[in-house]
Amino acid sequence: QVQLVESGGGLVQAGGSRTLSCAASGSIFSINAMGWYRQAPGKQRELVAGITNGGSTNYADSVKGRFTISRDNARNTVYLQMNSLKPEDTAVYYCNVDIRPVYYSSSVRYWGQGTQVTVSS
């Protein structure tokens with residue numbers, strides 16, 4: 001079994017910062033790409049940021065220069081540092097990790113349970 005556990009969400013004032021974490025655990029053989037998505041009320045889920053196992057990153061235009069994605073391979077954890085938060089960043093944030101479980105011949109994309117980030121104006 002593989003699990004993703006997210007933490008770090010909450011209420012923050014506009015202009016503030018927040019760091020999200022997502023830790024993978026269980027019968028993991030290897031981890032490939034890791035990423036963060038978000039879904040605001042009434043909107044589709046969208047990619048916020050991604051990071052490959054080689055460390056290459058990509059960001060949505062709306063968060064470039066404000067958010068930073070990073071990973072700790074020793075801890076099977078991906079982070080999202082969010083700075084200069086805006087009310088429009090309010091959403092449920094989900095991590096998404098491409099994992100090859102032990103005894104599997106291919107990888108599977110797993111989702112975290114989601115963590116609410118609310119930015120007040």
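**Close-up 1. Arg-45 over two aromatic rings.** In this predicted model, the charged end of Arg-45 sits over the ring of Tyr-94, at 3.7 Å from the ring centre. Arg-45 also lies over the face of Trp-111, where the distance to the ring centre is 4.6 Å.

**Close-up 2. The aromatic cluster of Tyr-37, Tyr-94 and Trp-111, linked by ring pairs.** A search of the whole structure returns two aromatic pairs. In the pair of Tyr-37 and Trp-111, the ring centres are 5.0 Å apart and the planes stand at 65°, so the arrangement is edge-to-face. Because Tyr-37 belongs to strand β4 (residues 28–39) and Trp-111 to strand β10 (residues 108–111), this pair ties together parts that are 74 residues apart in sequence. Tyr-94 and Trp-111 likewise form an edge-to-face pair, with 6.4 Å from centre to centre and 85° between the planes; this pair links distant parts of the chain, Tyr-94 lying in strand β9 (residues 91–101) and Trp-111 in strand β10, 17 residues apart. Tyr-94 is buried, with a relative accessible area of 15%, whereas Trp-111 is partly exposed at 40%.

**Close-up 3. Asp-72 in strand β7 (residues 67–72).** The side chain of Asp-72 reaches the backbone nitrogen of Ala-74 at 3.1 Å. When neighbours within four places in sequence are left aside, Asp-72 is in contact with Thr-77 and Tyr-79.

**Close-up 4. Val-119 in strand β11 (residues 115–120).** With a relative accessibility of 6%, Val-119 counts as buried, because buried means under 20%. Not counting residues up to four places away in sequence, Val-119 touches several residues, among them Val-12, Gln-13, Ala-14, Leu-85 and Pro-87. The C-alpha atoms of Val-119 and Gln-1, which are 118 residues apart along the chain, are separated by 34 Å.

Terms used
Residues numbered from 1 in each chain as written. Predicted model: local features only at pLDDT ≥ 70, side-chain atom pairs only at ≥ 80, totals over all residues. Heavy atoms only, no water. Helix = DSSP H or I, 4+ residues; strand = E, 2+ residues; numbered from the N terminus. Buried < 20%, exposed > 50% of the residue type's maximum accessible area, 1.4 Å probe, protein only. Contact = heavy atoms within 4.5 Å. Polar contact = N/O pair within 3.5 Å; in protein donor to acceptor, adjacent residues only side chain to side chain. Phe/Tyr/Trp six-rings, centres within 6.5 Å; stacked < 30°, edge-to-face > 60°. Lys NZ or Arg CZ within 6 Å of the ring centre and 35° of its normal.
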